[in-house]
Amino acid sequence: MQKTIERIAGDSEGTIYEFPVFRFDGTDGTAASAYLQAALHAGELPGVVAIDALMPMLAKAEAEGRIRGAITVVPWANPIGRAQYHFGEHQGRFHLGTRTNFNRAFPLLAAPDLKLLPDTSLGGADQRLKSRLLELSLGRDVVLDLHCDDEGLVYLYIHTSLWPAMADCAAAMGADAVVLWSEDSTGTFEGASIMPYQNVPANVSRFDRRAVTTVEYRGMLDVDSALAASDAKGLYRLLATRGVLQDPSVPKAGDFTGAVVPLENIDMMPSPKAGAILYDVKPGDRVAKGDRLATIVHAPGEPGGRTEVFAPQSGFILTRRSRRIIRAGEDLLKLAGDRKSGDARSGTLED
Ligand SMILES: [Zn+2]
């Protein structure tokens, strides 16, 4: 395994950002290769600690000659966001300089060709970082971008072109749910990792062995050693299932038994009022149409000071907010509906 340090020039003289990259050489040039990154949203740490638990497993596999395809690991992919604090609060989701989401505005290439990457010398540090992360990952067969939600289940975003071919991956990781999406014009890392393969010959796209997903490892506070160990095992099983590494003790992936939800079925549930949220439901709960999801206390102690929010359709709760203060129009939770949502925003990849 080799460790190298990536350097991203800052936007002024004297500022430079660094992050480590770990590479394992494979023994078989024809085997599937892999790229894993965590904390692109720099405060989302379940994936960081999962990688921390995975690395000794990879080191052991390497020592025993069982790593077949090349593996690149970027445990903390966003040194810019990692360093952003605003009035004492960490801000890892948006670049403070541009207000751009760190998981948007990745270059969307027409083909998996690094020569198509834009010149980012004048583009800003966050654009340079995005371009470099795409460069590190493009061409890898398995590309995993590890995130988490506010509070949530373990779920994967997967492009429809890779489903159901990636059901083995979802099963290996023990995901609770898979959310299928088909269009991304915003340039998420996942979109930038899969869109270049949509209009190229089949011997380049290789959808039979390609696996690209945004992994949502529950919530921001679900950072602990037991979950990290079990998530690392899930990542390891996925790498074994896809032949990136060899381990006879890993059983063949069974059928995926979690929920499969088209993105169009997600109801985002905007809050009608600003106030304090009293939730009636938590991630994983099944709800029927008309069930109360939450009460917003917007005028405490006053008649009419509470507003209730009800399920627009049946389904299950995928995520909810970790903080209990909300503004009108902000999303209360994600309801994975049994049917297409009436909310026009529900078709966008929302991470
Ligand atoms: Zn995220």
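Strand β14 (residues 275–279) is joined to β19 by two bridges, and the two run antiparallel. Strands here are DSSP runs of E with at least two residues, helices are runs of H or I with at least four, and both are numbered from the N terminus. Two strands count as paired if DSSP finds at least two bridges between them. Alanine 276 has isoleucine 325 as its bridge partner in β19. β14 is also joined to strand β16 (residues 292–297), by four bridges and again antiparallel. In that pairing, isoleucine 277 is partnered by isoleucine 296 of β16. These strands belong to an open sheet of four, in the order β17-β16-β14-β19, with antiparallel pairing. Its edges are β17 (306–310) and β19, each of which pairs on one side only.

The model is predicted: local features need pLDDT of at least 70, side-chain atom pairs count only at pLDDT 80 or more, and totals for chains, interfaces and linings use all residues. Residues are numbered from 1 along each chain as its sequence is written, and side-chain values use heavy atoms, with hydrogens and water left out.

The protein has seven helices and 20 strands. A second open sheet holds nine strands, ordered β1-β2-β4-β3-β7-β11-β9-β10-β12, with mixed pairing. β1 (2–9) and β12 (259–262) are its edge strands, each pairing on one side only. Neighbouring strands of this sheet are turned against each other by 20 degrees on average, direction ignored. Axes are lines fitted to C-alpha atoms, for helices over the stretch in contact, and angles run from 0 to 180 degrees between N-to-C directions. Within the sheet, strand β3 (residues 34–38) runs parallel to strand β4 (residues 71–74), with four bridges joining them. Leucine 36 has valine 73 as its bridge partner in β4. Helix α3 (residues 125–137) packs on the sheet and touches β1, β2 (16–24), β3, β4 and β7. Contact means heavy atoms within 4.5 Å. The direction of α3 makes about 150 degrees with that of β1.

The largest pocket holds about 1,500 Å³ of space. A pocket is an open set of points on a 1 Å grid over the protein atoms alone, where a 1.4 Å probe fits, with protein on both sides within 12 Å along at least five of seven lines; lining residues have an atom within 4 Å of a point. Grid points are joined across faces, edges and corners, and the volume is the space filled by probe spheres set on them. The lining comprises 37 residues, of which Arg93, Phe94, Asp150, Arg321 and Arg323 are the closest to the pocket centre. At least two lining residues come from each of β6 (89–90), β7 (142–149), β18 (315–320), β19 (325–326) and β20 (333–337). By class, the lining has 10 nonpolar, 10 polar and 17 charged residues. Ala, Val, Leu, Ile, Met, Phe, Trp, Tyr, Cys and Pro count as nonpolar, Asp, Glu, Lys and Arg as charged, and the others, Gly among them, as polar.

Two backbone features lie in loops. Tryptophan 163 and proline 164 are joined by a cis peptide bond, with omega about 10 degrees. Proline 164 is in the loop between β9 (154–159) and α4 (167–173). Arginine 99, in the loop between β6 and α3, has a positive phi near 65 degrees.
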